[in-house]
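Visitor: I am new to this structure. Please show me how to read it, feature by feature.

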Amino acid sequence: MQQKIIETKITQCIFDELSEEYKKLVDLAKKQVEKAYAPYSGFHVGAAIQLENGEIFAASNQENSAYPSGLCAERVAMFFANAQYPDTPVKTLAIAAFTNGNFMELPITPCGACRQVLLESESRFDKDIVTILYGTEQIYIIDNVKQMLPLCFEKSSLKIIVDKK
Ligand code: THU
């Protein structure tokens, strides 16, 4: 019998240590929480995406009285970006969460369903997506989505030949 250890690399820093490009994206994610529709949870999430071509999109979580019909900010942002630019890889994703009048001190990480969707956007273009998770005390930077979803089920798991698109 053998054991295999899978490690996730997380870079920790504070806001001032970010590059100007990353600061801009984090600021946009923070701004976006104001547009969240979260009357049921009171948990406001903003996500900002930068594509390889420089285009930037931002989105927020959208809840629904039929709870499971709502969608996290990450998926709203990613589906929108991929729908607008189906041939352009995503470069960076920033996420911020706000509740009870404050941004979270420690970052929140995307839920499992979002990780699965983010992973598809990463693998369909075969291009790493850097995720910046904002917290007032600590920021995490994760080099690619695969790090957040090891042992994943993906296109290659289906063992069928799938079109690039
Ligand atoms: N939510 C997000 O938008 N992103 C996350 O990463 C975690 C959770 C939303 C879903 C729901 O509207 C609310 O936050 C509480 O779970």
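Guide: First, the ground rules. This is a predicted model, where local features need pLDDT of at least 70, side-chain atom pairs count only at pLDDT 80 or more, and totals for chains, interfaces and linings use all residues. Residues are numbered from 1 along each chain as its sequence is written, and side-chain values use heavy atoms, with hydrogens and water left out.

Visitor: How do I read a helix? What should H1 span, at 1.5 Å a residue?

Guide: Helices (H or I, at least four residues) and strands (E, at least two) are DSSP runs, numbered from the N terminus. The expected span of a helix is 1.5 Å times one less than its number of residues. Helix H1 covers residues 20-32, which is 13 residues, so it should span 18 Å. Its end C-alpha atoms are 18 Å apart, which agrees.

Visitor: Which residues of H1 are buried?

Guide: Buried means under 20% relative accessible area, exposed over 50%, and partly exposed in between (1.4 Å probe, protein chains only). In H1, Lys 23, Leu 25, Val 26, Ala 29 and Gln 32 are buried. Their cover includes strands S2 (44-51), S3 (56-60), S4 (90-99) and S6 (130-133).

Visitor: Which side chain of opposite charge is nearest to Arg 115?

Guide: Start with the terms. Lys and Arg count as positive, Asp and Glu as negative; His and the chain ends are not counted. A salt bridge is a side-chain nitrogen of Lys or Arg within 4 Å of a carboxyl oxygen of Asp or Glu. Arg 115 sits in helix H3 (residues 112-125). Arg 115 is buried yet has no salt bridge. The nearest side chain of opposite charge is Glu 74, 8.0 Å away.

Visitor: What does Arg 115 touch?

Guide: Contact means heavy atoms within 4.5 Å. Not counting residues up to four places away in sequence, Arg 115 touches Thr 109, Pro 110, Val 145, Met 148 and Leu 149.

Visitor: Where does Glu 74 lie, and what is it in contact with?

Guide: Glu 74 is part of helix H2, which covers residues 73-84. Glu 74 is also buried without a salt bridge; for Glu 74, the nearest opposite charge is on Arg 75, 6.8 Å away. Leaving aside neighbours within four places in sequence, Glu 74 contacts Val 45, Ala 47, Ile 95, Pro 110, Cys 114 and Leu 118.

Visitor: Is Asp 126 buried or exposed?

Guide: At 66% relative accessibility, Asp 126 counts as exposed. It is found in the loop between H3 and S6.

Visitor: What is the phi of Asp 126?

Guide: Most residues other than glycine have a negative phi. Asp 126 has a positive phi of about 50° although it is not a glycine. Leu 151 also has a positive phi, near 55°. Leu 151 lies in the segment after strand S7 (139-142), and is exposed, with a relative accessible area of 79%.

Visitor: How far apart in space are Lys 127 and Glu 52?

Guide: Sequence distance and space distance are read separately. Lys 127 and Glu 52 are 75 residues apart in sequence and 9.6 Å apart in space, C-alpha to C-alpha. Lys 127 is in the loop between H3 and S6. Lys 127 is partly exposed, with a relative accessible area of 36%. Leaving aside neighbours within four places in sequence, Lys 127 contacts Glu 52, Pro 89 and Glu 122.
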